[in-house]
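Here is a friendly briefing on pockets and backbone geometry. Have the viewer open as you read.

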Amino acid sequence: MGDTIFGKIIRREIPADIVYENDDVLAFRDLNPQAPVHVLFIPKHAMATLNDAIPSDATLLGNLLLAAADYAKREGFAEQGYRTVINCNEHGGQTVFHLHVHLLAGRSMHWPPG
Ligand code: 5GP
């Protein structure tokens, strides 16, 4: 895949408000937050979209969700609740082609989304 703005954040070439990091995952606040808490969880070894995932990526995909849940617990909003979202390609509304999980919290959210 080509490099993206998120690759530059991983390499610390551009600034980001990084809130969580482990060996596989980096998380930082979204530049254009859609909720009081809006954090993006990305794999350090990038894939462009969820369509590119293969069975050997199962652990990595799980680690992204576990990191988001861990962050929610540590920040104290897990019980109240939150939303995780992966946008894929045009109809999913994806704009940055480095797989990421949005974690949104701090307000009530509705379903279905618009
Ligand atoms: P997507 O639409 O691909 O699911 O989500 C991409 C997200 O990345 C958007 O919510 C957008 O606000 C965020 N974003 C785009 N560029 C940057 C950036 O340079 N820094 C940060 N922190 N977020 C960004």
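How do the residues of the lining of the largest pocket divide into nonpolar, polar and charged? There are eight nonpolar, 13 polar and three charged residues in that lining, where Ala, Val, Leu, Ile, Met, Phe, Trp, Tyr, Cys and Pro count as nonpolar, Asp, Glu, Lys and Arg as charged, and the others, Gly among them, as polar.

This is a predicted model, in which local features need pLDDT of at least 70 and side-chain atom pairs count only at pLDDT 80 or more, while totals for chains, interfaces and linings use all residues. Residues are numbered from 1 along each chain as its sequence is written, and side-chain values use heavy atoms, with hydrogens and water left out.

**Largest pocket**

- A pocket here is an open set of points on a 1 Å grid over the protein atoms alone, where a 1.4 Å probe fits, with protein on both sides within 12 Å along at least five of seven lines; lining residues have an atom within 4 Å of a point.
- The volume of the largest pocket is about 550 Å³, taken as the space filled by probe spheres set on the points, with grid points joined across faces, edges and corners.
- Its lining has 24 residues, and Val 85, Asn 87, Gly 92, His 102 and Leu 104 lie nearest the centre.
- At least two lining residues come from each of β3 (37-43), β4 (82-85), α3 (89-92) and β5 (101-105); helices (H or I, at least four residues) and strands (E, at least two) are DSSP runs, numbered from the N terminus.
- β4 gives the most to this lining, with three residues.

**Second largest pocket**

- The second largest pocket holds about 210 Å³ of space.
- Of its 14 lining residues, Phe 6, Ile 9, Phe 28, Arg 29 and Leu 31 are the closest to the centre.
- α1 (5-10) and β2 (25-29) are the elements that give two or more residues to this lining, and α1 gives the most, with three.
- The lining of the second largest pocket divides into 10 nonpolar residues, one polar and three charged.

**Backbone geometry**

- Most residues other than glycine have a negative phi, and most peptide bonds are trans.
- The peptide bond from Trp 111 to Pro 112 is cis, with omega near 5°, and Pro 112 is found in the segment after β5.
- Arg 12, in the loop between α1 and β1 (18-21), has a positive phi near 60°.
- Asn 89 in helix α3 also has a positive phi, near 60°.
- Arg 12 counts as partly exposed because its relative accessibility is 46%, and Asn 89 is partly exposed at 31%; buried means under 20% relative accessible area, exposed over 50%, and partly exposed in between (1.4 Å probe, protein chains only).
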